[in-house]
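Subject: Structure for your files

Hello,

Here is the structure I said I would pass on. My notes on what turned up in it follow below.

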Amino acid sequence: MTIVRSSVFRGNLNSNEESLMNYRHIHMEPEWGTSILIIAEDFHSVINISYYTNEDEAYLGTLHVDKEFRNSGRGKEIFEYAIAWCKEHEFRSVYLWCYKTSWVCKWYKRIGFHEDNERDNETIWMSMDIK
């Protein structure tokens with residue numbers, strides 16, 4: 001895997017809202033495509049976006065907020081930042097998978113994801129149109 005570049009951006013792309021955080025983007029190019037790791041400047045929240053360069057959908061991988069910062073809006077902010085990044089880069093949809101019984105699956109539904117199909121007996125694919 002090659003780290004192509006690393007850069008820092010103020011939060012909330014294309015928004016007039018004040019951000020809680022600056023975000024560091026780390027661009028990586030594994031064999032299968034491109035991956036962007038977005039890390040909050042204080043390292044307490046992170047999200048990963050992966051995509052093939054010839055497709056118009058992005059895969060949202062790891063979304064993590066340290067336990068002591070949960071229920072503070074940090075997860076929502078970094079998630080919204082990732083969606084704004086995907087829109088800015090002209091993706092039409094984003095998708096992810098989660099455990100069916102997890103609280104986060106319900107959270108994804110509340111913010112606009114819909115169930116696509118089962119990944120296996122315990123997990124499900126979800127997607128959201130962003131254009």
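Serine 102 caps the N-terminal end of helix 2, with a side-chain oxygen 3.1 Å from the backbone nitrogen of valine 104. Please keep in mind that this is a predicted model. Just after helix 2, glycine 112 has a positive phi of about 120 degrees.

Within helix 2, the buried residues are Val104, Cys105, Trp107 and Tyr108. Viewed down the helix axis they fall within an arc of 160 degrees, so they line one face of helix 2. Trp103, Lys106 and Arg110 are exposed on the other side. The buried residues of helix 2 pack against strand 5, helix 1, strand 6 and strand 8.

Next, the core. The largest nonpolar core has 29 residues, and those with the most contacts inside it are Ile49, Phe79, Val94, Tyr108 and Phe113. Two or more residues each come from strand 3 (34-40), strand 4 (45-51), strand 5 (57-65), helix 1 (74-88), strand 6 (93-99), helix 2 (103-110) and strand 8 (123-129). Helix 1 gives the most, with 7 residues. Leaving aside residues up to four places away in sequence, valine 94 touches Ala58, Leu60, Ile83, Cys86, Phe113, Met126, Ser127, Met128 and Ile130.

Asparagine 48 counts as buried because its relative accessibility is 14%, under the 20% cut-off. Its side chain makes polar contacts with the side chains of serine 35 (2.8 Å) and serine 50 (3.0 Å). Beyond four places in sequence, the residues that asparagine 48 touches include Met28, Ile36, Tyr59 and Thr62.

Finally, the charged pairs. There are 4 salt bridges by the count used here. One joins glutamate 80 to lysine 76, with the closest N and O atoms 3.7 Å apart. These two residues are 4 apart in helix 1, so about one helical turn separates them. Glutamate 80 is partly exposed at 39% relative accessibility, and lysine 76 is partly exposed at 45%.

Another salt bridge, between glutamate 118 and lysine 100, has its closest N and O atoms 2.7 Å apart. That pair links distant parts of the chain: glutamate 118 is in strand 7 (residues 114-118), and lysine 100 is in the loop between strand 6 and helix 2, 18 residues apart. Lysine 100 is partly exposed, at 29% relative accessibility.

Lysine 109 also forms a salt bridge, with glutamate 115, at 2.4 Å between the closest N and O atoms. Lysine 109 is partly exposed at 40%, as is glutamate 115 at 41%.

Regards

Key: Residues are numbered from 1 along each chain as its sequence is written. This is a predicted model: local features need pLDDT of at least 70, side-chain atom pairs count only at pLDDT 80 or more; totals for chains, interfaces and linings use all residues. Side-chain values use heavy atoms; hydrogens and water are left out. A nonpolar core is a set of buried Ala, Val, Leu, Ile, Met, Phe, Trp, Tyr and Cys residues joined through side-chain atoms within 4.5 Å. Buried means under 20% relative accessible area, exposed over 50%, partly exposed in between (1.4 Å probe, protein chains only). Contact means heavy atoms within 4.5 Å. The arc is that of the directions from the helix axis to the C-beta atoms. A polar contact is a pair of N or O atoms within 3.5 Å; within protein, one must be able to donate a hydrogen and the other to accept it, and residues adjacent in sequence count only if both atoms are side-chain atoms. A salt bridge is a side-chain nitrogen of Lys or Arg within 4 Å of a carboxyl oxygen of Asp or Glu.
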